[in-house]
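Here is a model to read through questions and answers. Each answer sets a value against a cut-off and then concludes.

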Amino acid sequence: MTRLLAYSLRETLEIGRDPVRLVFAFLGTVILMFVLGYGISLDVEDIAFAVMDRDQSPESRDYIQSLAGSRYFDEKTPILSDAEMDERMRSGDISMAIEIPPDYGKDMRHGQQPSVSVWVDGSMPYRAETIKGYIQGFHLSYLSELSLRQFGIKVSPSYQLVSRYRYNPQVESLISMVPGVLPILLLMITSMLTALSIVREKELGSITNFYATPVNRLEFLMGKQLPYIVIGMMNFLMLMWLVYMVFDVPLTGSFWALLVGTFLYIVVATCMGQFISAFTKTQIAAIFLTMITSIVPCVNYAGLINPINSLEGAGYVVGHIYPASYYLLICRGAFTKGLGFDELNAFYWPMALAIVVLMCLSWLLLKKQDK
């Protein structure tokens, strides 16, 4: 224990004397929280659209004004030709174009069934499907109001469907995404700092102290690990303050259950950094490998955007063995679902198992004698 704590004290002193690492350790997560928290959004609002009105009748203008009055749509300059519509869709100036045919108003007055064409930018399928649902809902609502105005008959289905969301009632991406980026930030920054602490000694040659002294591999690894566990927990407390005070995302569940899960996850992150540092020899290689193994699986396989159960093949397997998947469930459960120890303790054990596995692998790969 004395040798272990000696390495922890030495690492703490090195961090305190290195302003670059010190700033990166405490401000890196804060900066990335603002970037990812405000940058990742699945809300589809203020959809830019333009109209090519070939009729210019009171009926066509009424249709356009009703659409422009919705908070989901933002009307742009009218389209004058097919070529202009194609160009503006290609350039991204608009996401939706509406073409109203000639004689639209005349057909409406004579009780016929005129049609309008809606063109949607499908380069982002999720957004395109959402826009399609919005315009279909608007069209049905407009027909119902038009029938009521002209004939005094309200067209409505034989049932009324009312949606209520149990969690996140306002359906805001911020409430879902901000707790979701905590696993990415805590894993990436903590594991990167831990990996660099060992690889840096390899580059500078100070690793010879480990080779020449009676310190064993486990004492060396755990001694290096302790300061970064403390830094990781301090980062978590800073991020919690930002989430609550700046992003205005309430914590509805147990803070202590979240704290226990965070501690286990921080230990997992430091173990992952040690595992990477055990077989890399340069700081550049450690940085790139840490970023790849933290960001890519967290975004694609941990359930940040798509649920793990919707994945198939290798992605499904990675999602169930990757520790960030379980910490993401803890974060969202504690923040949005009001969960506590009774509901979240099942997610602690996979992370505890990951700690044992990663520590054993690091112990096996770290050599006591250089070749």
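This is a predicted model: local features need pLDDT of at least 70, side-chain atom pairs count only at pLDDT 80 or more; totals for chains, interfaces and linings use all residues.

Q: Which residues of α9 and α10 meet?
A: Among them are Leu221, Tyr228, Met233 and Phe236 in α9, and Phe255, Leu259, Phe263 and Ile266 in α10. By class, the contact has 15 nonpolar, 5 polar and 1 charged residues.

Q: Why is Tyr63 called buried?
A: Its relative accessible area is 2%. Buried means under 20%, so Tyr63 is buried. Tyr63 is found in helix α3 (residues 58–68). Tyr63 touches Ile98, Ile100, Tyr104, Val116, Phe138, His139 and Tyr142, not counting residues up to four places away in sequence.

Q: What makes β2 and β4 edge strands?
A: The open sheet has 4 strands in the order β2-β1-β3-β4, with mixed pairing. β2 (73–75) and β4 (117–120) each have a single partner strand, so one side of each lacks a neighbour in the sheet. From one strand to the next, the twist averages 30°.

Q: How do you know that β1 and β2 pair?
A: Pairing needs at least two bridges. Strand β1 (residues 47–53) and β2 have 3 bridges, in the parallel sense. In one of these strands, β2, Phe73 is the bridge partner of Ile47.

Note on methods:
Residues are numbered from 1 along each chain as its sequence is written. Side-chain values use heavy atoms; hydrogens and water are left out. Helices (H or I, at least four residues) and strands (E, at least two) are DSSP runs, numbered from the N terminus. Buried means under 20% relative accessible area, exposed over 50%, partly exposed in between (1.4 Å probe, protein chains only). Contact means heavy atoms within 4.5 Å. Axes are lines fitted to C-alpha atoms, for helices over the stretch in contact, and angles run from 0 to 180 degrees between N-to-C directions. Ala, Val, Leu, Ile, Met, Phe, Trp, Tyr, Cys and Pro count as nonpolar, Asp, Glu, Lys and Arg as charged, and the others, Gly among them, as polar.
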